[in-house]
Amino acid sequence: MDRVVDLDEVAAVLGGQMEGWRSAGLEVGQVTWRDAEASWPQPLETDRARVHEPDSVGVAISGQGEAELSVVLFRGGWADVDFTAGLDDAGSLPASAIASASDFEARLNQWVDRVFGVCGDAQ
């Protein structure tokens, strides 16, 4: 798989957003990594040092009620973005052609606002 996005830069973006999300009342899970070299099924790791060849990084966020957002970005430039914003408002959000960590950050802010009504960089 081509490396389009630097996942360590993306992890830094996630780390930079977490305080703002928590200040807005959201619960934020640990950043998870998947190693392309790990045998199947590839486990999710929370310790970056245990991942030699990262092919994805992700985080889960939850808010009031049953609101949840799960984002997993793959180094090839696409993400799996699943959400529940309410009983009749759940699904997946489009997330392809992500070109950089800053591109990811802009989209992440939109996804967080879509699901929780909170800008991703709210502090």
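Among contacts (heavy atoms within 4.5 Å) between residues at least 6 apart in sequence, 47% join residues at least 24 apart. The model behind this is predicted, with local features needing pLDDT of at least 70 and side-chain atom pairs pLDDT 80 or more, while totals for chains, interfaces and linings use all residues. Residues are numbered from 1 along each chain as its sequence is written, and side-chain values use heavy atoms, leaving out hydrogens and water.

Going from the N terminus, the elements read α-β-β-β-β-β-β-β-α, with helices (H or I, at least four residues) and strands (E, at least two) taken as DSSP runs numbered from the N terminus. The radius of gyration, taken over C-alpha atoms, comes to 14 Å, close to the 14 Å of the globule rule (2.2 Å times the number of residues to the power 0.38) for 123 residues, so the chain is as compact as a globular protein of that length.

Strand β4 (residues 54-62) has several partners, where pairing asks for at least two DSSP bridges between two strands. With strand β5 (residues 68-74), β4 makes 7 antiparallel bridges, S56 facing F74.

Across the chain, 41% of the 123 residues count as buried.

Terms used. Buried < 20%, exposed > 50% of the residue type's maximum accessible area, 1.4 Å probe, protein only.
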